[in-house]
Structures are given as structure tokens and as C-alpha cells.
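Please keep the sequence and the 3D view at hand while reading.

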Protein chains: 2
Amino acid sequence: MPLEELIHQMGERAKKASQLLRTAGRTKKDTALRLMAKALVHRSAQLLEENQKDLEAARGQGLTGAMVERLTLTEALIQSMAQGLEEVAMLPDPVGEIARIYKRPNGLMVGRMRIPLGVIGFIYESRPNVTVDAAGLCLKSGNAVILKGGSEAINSNMALVRILVEAIEEAGLPGEAVQLIPSTERRAVNLLLELDQHVDLIIPRGGEGLIRFVAENSRIPVLKHYKGVCHVYVDEGADLAMAEEICFNAKVQRPGVCNAMETMLVHEKVAPGFLPPMVERLSEAGVEIRGCPKTLQIVEGVKAAQESDWSEEYLDLILSVKVVASMDEAIGHIETYGSNHTESIITEHYGRAQEFLSRVDSSVVLVNASTRFNDGNQLGLGAEIGISTSKLHAFGPMGLQELTTTKFVVYGQGQIRT
Amino acid sequence: MPLEELIHQMGERAKKASQLLRTAGRTKKDTALRLMAKALVHRSAQLLEENQKDLEAARGQGLTGAMVERLTLTEALIQSMAQGLEEVAMLPDPVGEIARIYKRPNGLMVGRMRIPLGVIGFIYESRPNVTVDAAGLCLKSGNAVILKGGSEAINSNMALVRILVEAIEEAGLPGEAVQLIPSTERRAVNLLLELDQHVDLIIPRGGEGLIRFVAENSRIPVLKHYKGVCHVYVDEGADLAMAEEICFNAKVQRPGVCNAMETMLVHEKVAPGFLPPMVERLSEAGVEIRGCPKTLQIVEGVKAAQESDWSEEYLDLILSVKVVASMDEAIGHIETYGSNHTESIITEHYGRAQEFLSRVDSSVVLVNASTRFNDGNQLGLGAEIGISTSKLHAFGPMGLQELTTTKFVVYGQGQIRT
């Protein structure tokens with residue numbers, strides 16, 4: 001079958017499945033999630049075998065060690081994917097919830113009922129565990145999903161989806177709820193992005209290149225997950241011991257993720273006391289510092305930052321440091337170079353804490369806490385499908401609720417409009 | 001200046017204005033709204049003069065009477081636009097609201113703060129009062145707006161915006177918060193749709209052609225406001241007197257709007273008793289009935305409905321009627337021919353009322369009330385900027401809250417991630 005026709009049919013089947021899923025009860029959905037978890041563990045030998053094919057191909061194509069590592073499935077990873085599905089089963093079902101019903105002067109009772117979005121198109125790169133996470137979150141929130149994984153993981157992903165679909169059908173739900181595009185062609189992405197009759201939302205997850213490509217070529221609404229150039233601003237009113245712990249954690253605990261700190265902004269009043277021990281500790285942990293001219297005056301032996309450093313997402317043990325004269329300058333820097341992802345202020349000053357929270361235009365803004373908390377689990381949403389840096393519909397980590405919308409429900413007793 | 005450059009500059013100015021508006025307090029915004037209202041009334045003579053130019057041009061181009069009527073400003077209409085602005089000033093400011101703050105196990109206090117979207121592109125057709133409504137709602141919600149009105153209203157709209165901008169500046173807010181594209185070229189719409197660097201959301205309001213054009217040509221997210229093919233389903237358990245009042249109201253009270261009933265679905269058990277007096281009453285009010293074969297058997301002298309009738313938005317005194325064997329058949333019909341806009345069930349049966357509310361996938365679903373209540377004012381949102389039939393971000397009437405999003409705010413005491 002030509003790819004055009006195949007993907008069009010997948011869209012139609014997903015739409016039909018979504019109509020059944022929309023009204024599926026929690027018991028059936030949770031049963032499916034638990035059967036999915038069991039099946040993954042039960043058939044791990046088969047999964048590892050299929051994964052082996054991808055790994056061999058990857059080595060043949062000369063993929064880097066890091067890329068091969070991301071692609072690799074292990075018994076432990078399969079256990080943890082299964083565990084993830086069990087956790088999603090334990091989360092409350094968002095569908096059908098009405099947070100509040102209010103009465104209008106004419107007696108109409110008006111509420112908003114949470115409902116699934118419909119069909120999600122999810123486009124991602126190498127890690128096969130993302131396949132399982134996305135399938136679980138979409139199913140629980142009552143949405144059908146069409147997955148387009150990285151071409152290098154095609155055998156692993158096809159095996160995973162085959163197993164998940166059997167479990168979904170065993171639970172009495174439509175197997176077409178989770179479909180994987182069985183093609184490694186880039187063209188498949190374009191074809192998916194044209195299914196505006198059948199797909200309600202596209203979520204891309206991966207490098208900036210992928211996300212830009214999707215955003216520019218989609219006829220369907222896209223929730224973008226761009227880079228995180230996250231800042232910590234150490235205010236003049238900071239508890240410097242706390243500032244040191246938080247900055248160290250934000251940079252070093254896991255430098256390769258989007259909520260790690262990339263630039264540290266330090267008020268000039270505290271910079272002379274704060275920067276030398278901070279830079280020493282970071283350097284000992286292997287962090288390369290790139291400083292503004294004032295930083296270089298305060299700490300010896302630091303490399304000078306280039307203009308391009310301020311907008312760089314290093315995803316590595318590198319940190320740019322800028323000394324600022326005021327919180328205004330710090331916020332101005334964030335507005336110019338930031339990515340609306342995550343920013344934190346360290347301060348004991350009440351007014352500046354509140355002002356920073358209100359003025360900084362990022363998906364997560366924190367006071368006296370590490371940027372690493374921008375994460376669905378950490379903020380109490382349960383599992384997340386990604387972190388949106390688009391403002392529309394969802395801004396920040398997206399959990400089950402963000403995969404739904406609301407419709408108005410109105411209880412009347414014969415009201416007419418006059 | 002070439003149109004490309006002009007519209008690009010408008011985008012940049014709107015973005016700058018939105019950064020100031022984002023943190024503008026309620027007092028300033030409400031002062032601006034009240035000054036805008038006063039200025040419109042104070043300068044009504046000038047407005048009527050400019051409107052006269054549009055009316056003369058319209059007559060010269062042979063516009064229909066209805067179109068000329070929509071275009072016409074009167075003293076009374078200007079008063080009512082001013083009144084609308086006063087009402088928006090009285091609505092609570094959505095910006096800065098945090099509905100709930102919860103504590104995580106590590107002590108982090110997490111909430112979601114409501115914030116403006118940024119810059120709205122609003123594309124609409126003839127009525128000049130929409131210019132004022134949109135400006136008021138965007139300003140109050142802290143958003144800058146770029147307006148593209150109908151070409152036939154260009155003089156009226158330019159005069160309106162000139163007056164509004166002066167009032168906004170008098171209140172100490174940036175006049176670039178409200179800009180009108182001073183061009184009647186269709187190309188201006190395309191140029192606006194390309195400003196994805198500066199515009200966060202496009203809202204088109206008008207006929208189906210305009211909305212489709214915008215949706216297909218925009219690089220910016222679009223909240224669509226498609227047609228309303230609204231249904232009332234008269235269940236076998238309906239109170240037939242109530243059903244008659246509601247159906248009459250839904251069809252006749254204002255047939256030319258998107259929440260008027262276009263198709264009436266009647267359960268076969270009650271059709272013989274319900275349809276003859278209902279059809280008689282509707283016919284007396286000038287409504288043309290187009291019935292399914294079963295309807296024709298029950299009521300004499302009714303025209304036969306064609307297949308195309310079931311998906312038609314008449315916006316007129318025409319009603320299609322179908323007799324169904326069950327609620328399942330009614331919901332199936334709505335899924336096939338409906339527009340996810342507004343549907344109502346008339347029933348005294350508890351289970352079917354709840355099932356209809358849960359299964360019908362429309363922006364507003366009602367029990368025992370007229371479809372005419374799908375309206376921001378009627379549902380308690382205050383004024384509305386339109387009715388979204390897209391599910392993403394907002395589904396149903398859009399008021400001030402729907403012109404905002406939320407960011408996470410996190411109050412910590414030194415928490416780091418382990």
C-alpha cells in the first residue's frame with residue numbers, strides 16, 4: 001500500500017478508536033494499562049531481540065555511543081516502563097470531571113466537563129521508552145495516538161506497539177487506540193502533519209531541528225517543546241549558602257536535560273562574596289565557566305563569554321555567568337536571551353520574590369528552588385508527555401489534564417432565551 | 001511604506017506593547033476602558049461622518065440591504081458599544097489569579113498563575129462594533145491586538161481605533177495595544193498570518209469561507225469559529241409542552257445566529273403527538289419545514305428534506321426535522337452531520353439526560369434548555385470574543401479567561417532535586 005494511503009487509513013482508524021475511547025470508563029482503561037505493563041515484562045525476551053536488530057543497524061551506521069545508549073533496551077528499562085504504566089493506572093481519570101457548577105440568574109446550572117482532545121500525533125526521536133509513556137498517557141486521557149518514532153528505533157517500537165495493542169484489545173478497548181507509523185521515511189512525518197481531518201493535536205519531542213520542522217510544516221495545531229535556556233538569578237537579598245546549593249544542583253545534578261541551568265545571573269552587590277567559592281565548587285565538579293567582563297574581574301582564570309553564549313542551551317557541564325546591577329537587568333537579560341522555559345530567583349526579599357514571579361514570562365517561575373523542578377512528576381501532575389513552551393492550551397509540563405479540554409454542560413428546567 | 005514592512009512593524013510594536021500590558025494593573029486597564037467608552041460617545045459625530053463614507057461606497061458597490069445594515073453606525077449603536085466597554089471594565093481582571101496552591105511532599109508550594117497570551121490577531125467582517133468589543137476584551141486580558149476588519153468598514157474602523165488609542169494613551173498605557181491594519185487588500189490577511197514571531201494567536205470571526213482561508217494559510221495557532229449546525233433532540237421521555245417552547249425559541253427567537261437550532265430530532269414514540277402542533281406553530285411563525293420520510297407521514301404538506309439539508313446552517317427561518325428510533329440514532333446523526341457547536345436534549349429521563357451530556361461531543365451540551373444559551377454572557381463569562389469550535393485551548397464561548405493562559409509559580413525554601 002502506498003504510504004499516503006496507509007497513513008490516511010491510520011488517521012481514519014484513530015478517529016474511530018477515539019470515539020470509543022472518549023466514553024470508555026476508568027476501569028477498562030486501567031485494566032488495559034495493567035495488562036500492557038504485564039505483557040511488556042512477560043515478553044521482554046522478544047523485545048530485547050527486536051531491539052538487538054536496531055542496535056546492530058545503529059552500529060553499522062556508525063551512531064555515537066550516546067545515541068546507541070539511548071536506543072538500548074534492558075530488562076531493567078522494560079521493568080521501569082511497565083512500572084510507569086502501573087503509575088499512570090493509579091492516577092485519577094481526568095475525563096468527566098466537572099470542577100465547579102454554578103447557577104445563573106435564570107436557574108441554569110453551568111459547568112465545564114473535562115473531555116479528551118481526540119487524536120494526538122506524537123513525533124519523537126530515539127528512546128523506545130517514550131513509545132510506552134506516550135501510549136499510556138494518551139490511553140488514560142481517552143485519546144487515540146498515532147506515533148512516529150525515530151527511524152533508528154523502528155524494530156523496537158514496532159515490537160512494543162504490537163504487544164501494547166494486544167493488551168489493549170484484551171481489555172476490550174480498540175487496538176487502533178495506539179498506532180505506530182511503520183516507516184522510516186521522513187516523508188511519513190509530512191503525511192501525518194496533513195491529517196487535519198483526523199488528528200487534533202501534534203506533539204513533537206526531540207531536538208530543536210525536529211520541532212522547527214514540525215511547527216513549520218503542520219496544518220494541525222502543534223504544542224511546541226523548544227529548548228530550555230534556564231536562568232537562576234541570585235538576588236542581592238539571597239541567602240548565599242542556599243543560592244550555592246540551588247545553583248550547584250540546577251547545573252550539575254543532570255546537565256543534559258532541558259530544565260538544567262544554563263546561565264547564572266548574580267547581583268553585583270553579592271557577586272564578590274558569592275562567585276569565588278561558587279565557581280570553585282562548580283569547577284571541581286567539572287563545569288566550564290564562561291563569564292561576562294565583571295565576572296572575569298571577580299574570579300581569575302575564567303573564560304570570557306561570547307555573545308552567542310547567552311542564548312546557548314549547552315545540555316552539558318558548561319555555565320555562562322553574568323553579573324547584573326539590578327533585578328531589572330536580570331529580567332531584561334532573561335527576556336532577551338531566555339526561552340520562556342524555567343527561571344528561578346534566589347532571594348529573602350519579599351517584594352522582589354513576588355515581582356519576579358509576576359514579571360518573568362516563563363512556563364515555570366520559582367523562588368528559592370532549583371530549576372530542575374520543572375517536571376510533571378515533581379510539580380504533582382503525575383507523568384508528563386513533555387514540557388510546552390507554547391502558551392496556547394498548555395504552558396509548562398503537560399500531564400493527563402493537559403491532554404484534555406472542557407466542554408460546557410448545562411442543566412436546565414425548560415429555560416428559553418428572551 | 002510597502003505593506004509587508006508596515007505589517008511587520010505593527011507586529012513588532014504589538015509585541016512591545018504586550019510586554020507592558022502584561023504587568024499593567026487593573027486600575028489602569030479599567031481607566032482606559034472607561035476613557036474609551038467616554039471618547040466614543042463624545043466623538044460620535046465624527047464617527048458617524050466616517051461611517052457615512054463607508055455607507056456611500058457600499059451603496060456604490062451595490063451591497064445588499066442586510067450588508068449595509070450591518071455596516072451602519074447610529075447614535076444608539078455607539079452608546080451600546082460604550083456600554084459594552086463599561087461592562088468589561090466591571091468584570092474581574094483574570095491576570096494574576098492563582099486558583100489553588102498546593103504543597104508537594106518536599107514543601108514546594110505550587111500554583112498556576114493566569115497570564116495574558118501576548119499578541120492576538122483578530123480578523124473579522126463587516127460590523128464595526130466588533131472592533132470595539134475585541135479591543136476592550138484584549139486590553140482587559142492584558143493582550144495587545146492587531147485588528148483586520150472588513151474592507152467595506154475601513155473608514156469607520158480607522159476612526160474608531162484612532163479614538164480608542166487616544167484614550168488608551170491618556171490612561172498611561174501604550175497606544176500600540178490596539179492597532180488596525182489600514183489596508184483593504186486581502187494580501188494584508190496573509191501578511192498578518194505570517195507574523196509568527198510576534199503574534200501568539202489568530203481569532204477569525206465571520207463566514208465559513210473566511211475561517212477556512214485563515215485556518216489553511218496561518219503559521220500561527222488559530223482558534224476556529226466554524227458554523228453552528230445545532231440540534232435539539234426531543235426524547236421519548238420529554239415533557240412535550242417544554243419541548244415545544246424550547247424548540248420554538250431555539251429556531252425562531254433569532255434565526256440568523258450560530259446557536260439557533262437548524263435540525264430537530266424527535267423520538268418516534270412522541271413524534272405523532274408532538275410534531276403536528278409543533279409544525280403548525282413553527283409554520284405560523286414563517287418557518288419552512290423540511291422533513292425526513294417519517295415526518296412526512298406524520299405531518300401533511302411538509303417539504304421533503306434532501307441529504308444536504310442535514311449539514312446545512314440555514315441561518316434563516318428553515319428547519320430540518322428527523323424522526324429517530326432511539327437516542328443512539330439521534331447521537332449518531334449529530335456525530336455525522338453536526339458541527340460540535342451546541343446540542344440540547346429535552347427529557348425527563350435521568351439516565352438519558354446524563355448520557356447525552358457525557359456522549360455528545362459539542363462545545364455546549366444542554367438538558368431542557370434552548371440552544372440559544374451558547375453565548376458568553378448567558379453562560380456567565382461576561383462578554384465574549386467568539387465561540388470556539390476547536391477543542392484546543394478553548395472550546396465554546398471565549399471570554400476574558402480564554403484570552404489568557406497559565407504559568408506555574410513555585411514558592412520554595414531552598415529545595416533542590418535529588
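**Two helices in chain A**

In α2(A), the residues A:Asp30, A:Leu33, A:Arg34, A:Met36, A:Ala37, A:Leu40 and A:Val41 meet A:Ile78, A:Gln79, A:Met81, A:Ala82, A:Leu85, A:Glu86, A:Val88 and A:Ala89 in α5(A). Sorted by class, this contact has 11 nonpolar, 1 polar and 3 charged residues. The model is a predicted one. Two packed helices are described by the angle between their axes and the distance between the axes. Here helix α2 covers residues 26-42 and helix α5 covers residues 75-90 of chain A; their axes come within 8 Å and cross at roughly 170°. An angle over 145 degrees counts as roughly antiparallel, and α2(A) and α5(A) are therefore roughly antiparallel to each other.

**Domains of chain A**

Chain A is divided into two domains: domain 1 takes in 3-226 + 394-410, and domain 2 takes in 230-378. Between the C-alpha centres of domain 1 and domain 2 of chain A there are 35 Å. Each domain of chain A gives 6 residues to the contact between them. On the side of domain 1 of chain A that touches domain 2 of chain A, 4 residues are nonpolar, 2 are polar and none is charged.

**A parallel sheet in chain A**

Four strands of chain A form an open sheet in the order β5-β4-β3-β6, with parallel pairing. Its edge strands are β5 (178-180) and β6 (201-205) of chain A, each of which pairs on one side only. On average, neighbouring strands of this sheet are turned by 20° against each other, direction ignored. Strand β3 (residues 119-124) of chain A is joined to β6(A) by 5 bridges in the parallel sense; A:Ile120 has A:Leu201 as its bridge partner in β6(A). Helix α1 (residues 3-21) of chain A lies across β3, β4 (144-148) and β5 of chain A, and runs at about 145° to β4(A).

**A sheet that spans both chains**

A second sheet can be followed from chain A into chain B. Which strands does it contain, and in what order? The order is β1(A)-β2(A)-β16(A)-β13(B)-β12(B)-β7(B)-β8(B)-β11(B)-β9(B)-β10(B), an open sheet of 10 strands with mixed pairing. At its edges stand β1 of chain A and β10 (303-304) of chain B, each with a single partner strand, so one side of each is left without a neighbour in the sheet.

Start at the chain A end. Strand β1 (residues 98-103) and strand β2 (residues 109-116) of chain A run antiparallel and are joined by 4 bridges, with A:Tyr102 bridged to A:Val110 in β2(A). The two strands β1(A) and β2(A) form a hairpin with 5 residues between them, and A:Gly107 in the turn has a positive phi of about 95°. Next, 8 bridges join β2(A) to β16(A), again running antiparallel; A:Ile115 finds its bridge partner, A:Thr405, in β16(A).

The step from one chain to the other is made by β16(A) and strand β13 (residues 364-369) of chain B, which run parallel and are joined by 5 bridges. One of the pairs is A:Gln415 with B:Ala369 in β13(B).

**The contact between the chains**

How many residues does each chain give to the contact? Chain A and chain B each give 52 residues. On the side of chain A that touches chain B, α10 (240-252), α14 (350-359), β13 (364-369) and β16 (404-415) of chain A each supply at least two residues. The largest share, 11 residues, comes from β16(A), the strand of chain A that pairs with β13 of chain B. The residues on this side of chain A are 23 nonpolar, 19 polar and 10 charged.

How is chain A related to chain B? The same surface serves both copies, since 100% of the contact residues of chain A recur in chain B.

How values were computed. Residues are numbered from 1 along each chain as its sequence is written. Chains are lettered from A and ligands numbered from 1 in the order in which they are written. This is a predicted model: local features need pLDDT of at least 70, side-chain atom pairs count only at pLDDT 80 or more; totals for chains, interfaces and linings use all residues. Two residues are in contact if their C-beta atoms, placed from the backbone, lie within 7 Å. Ala, Val, Leu, Ile, Met, Phe, Trp, Tyr, Cys and Pro count as nonpolar, Asp, Glu, Lys and Arg as charged, and the others, Gly among them, as polar. Two strands pair if DSSP finds at least two bridges between them. Domain bounds come from an automatic or database domain assignment. Axes are lines fitted to C-alpha atoms, for helices over the stretch in contact, and angles run from 0 to 180 degrees between N-to-C directions. Angles under 35 degrees count as roughly parallel, over 145 as roughly antiparallel, 65 to 115 as roughly perpendicular and the rest as oblique.
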